[in-house]
Amino acid sequence: MAPEAHALTQRFSLEKLQAWEALGFGMFVHFGMSTFIGEECPDGGAPLEAYAPTGLDVDQWTSLAVDAGMKYVVLTAKHVAGHCLWPTTLTPYSVAATGQADVVGALAEACAKRGLKLGIYYCSWDNHNRFGTVTVDEVGIYESRVTTRYLDFQLVQLGELIDRYSPIFQLWIDIPQVLGPQGRQQCYDFIARKSPDTFVVMNQGCQGSSLLDTKYAWPTDIATRERQFPECARWGQGESGTTDGHSRIYEIEGSRFYVPTEICDCLGYYWFHDERDRPRSVAEVRALRTLARARSCNLLLNVPPGRDGRISDDFARVLLESAN
């Protein structure tokens, strides 16, 4: 029996959440300063000139996504390095400072042209734009909290992204625990007010057997798992939230929520381009897609462009062959 919509306490209807689930497959694009300096979580001090793509080709990214059967693309607009892939007015640490292309804007146009939905990743752990914050790498992931000044900076930047690049399918907030419960609520409410149709994704990363850690990544419209799949529920028992692969019904502070799950994993083994990286086998990628559907999860598959700004031929080949 399907959960009754009136029994669920959340801003999106059950129908809209299940329509999100029906999309099934998206492309994650990790690209930015880390692509060029070879560090996933750098200290934020790399010179602006280090970011230097020689042949940025977002049309190639989106063409591959469509050919592989993907329905949406999520780009790392700002990662731990703090470097912004759009010409933000909030910090000089962006593509504008060196005359590089507005990657977010170019991707928004390419997605619209090919009928893909645009997602934007934004990292709350920022090693460059600190505003007094003691960052995660210095004190440990659960102890760090951002300052009010940083939270204000993040909210204004998110507003900037919404104003410039809407419609935005989902805003993917990474390392949300540093915002604290009140900061996460402020962030969620801000996005929901400013862009009501945008799904807010607070990434909980790898949380062991817990499917949704409310102390780490709540509120959120989507539950995330990095390189992990939720346990499969016993088939044929319970309501819709427990019979289709895994439970998506949560009791939180006395209210019931239907929270779909998105699995993010890599076509290779690294999030950003790495000279050592190689794509997985076609069979492995097919297995990821099959398991995601069996567990009723969306798969957000990371396909990182190289330093030239293009997805390499070997990664493209495996992605396309795995779709057939």
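Trainee: Which residue's side chain meets that of Glu275 in a salt bridge?
Mentor: In this predicted model, the side chain of Glu275 meets that of Arg307, with 3.7 Å from N to O, where a salt bridge is a side-chain nitrogen of Lys or Arg within 4 Å of a carboxyl oxygen of Asp or Glu. The pair links distant parts of the chain, 32 residues apart: Glu275 lies in the loop between β9 (261-266) and α10 (282-294), and Arg307 in the loop between β10 (297-302) and α11 (313-322).

Trainee: How are those helices and strands picked out and numbered?
Mentor: They are DSSP runs, helices being H or I with at least four residues and strands E with at least two, numbered from the N terminus. Residues are numbered from 1 along each chain as its sequence is written. Since the model is predicted, local features need pLDDT of at least 70 and side-chain atom pairs pLDDT 80 or more, while totals for chains, interfaces and linings use all residues, and side-chain values use heavy atoms, without hydrogens and water.

Trainee: Okay, is Glu275 buried or exposed?
Mentor: Glu275 counts as exposed because its relative accessibility is 53%, whereas Arg307, at 34%, is partly exposed. Buried means under 20% relative accessible area, exposed over 50% and partly exposed in between, with a 1.4 Å probe and protein chains only.

Trainee: And which residue does Asp126 pair with?
Mentor: Asp126 forms a salt bridge with Lys78, at 2.8 Å from N to O between their side chains. Asp126 sits in the loop between β3 (117-123) and α5 (136-139) and Lys78 in strand β2 (residues 72-78), so the pair ties together parts that are 48 residues apart in sequence. Asp126 counts as buried at 4% relative accessibility, and Lys78 also counts as buried, at 0%.

Trainee: What about Glu160, which residue is its partner?
Mentor: Glu160 forms a salt bridge with Arg164, and their closest N and O atoms are 3.4 Å apart. Both residues belong to helix α6, and because they are 4 residues apart there, about one helical turn separates them. Glu160 is buried, with a relative accessible area of 9%, but Arg164 is partly exposed, with 37%.

Trainee: How many salt bridges does the structure hold?
Mentor: The structure holds 14, and Asp59, Lys113 and Arg114 are linked in a network of salt bridges.

Trainee: New topic: which residues of α6 meet α7?
Mentor: Among those in α6 are Leu151, Leu155, Leu158 and Ile162, and the residues they face in α7 include Cys187, Phe190 and Ile191, where contact means heavy atoms within 4.5 Å.
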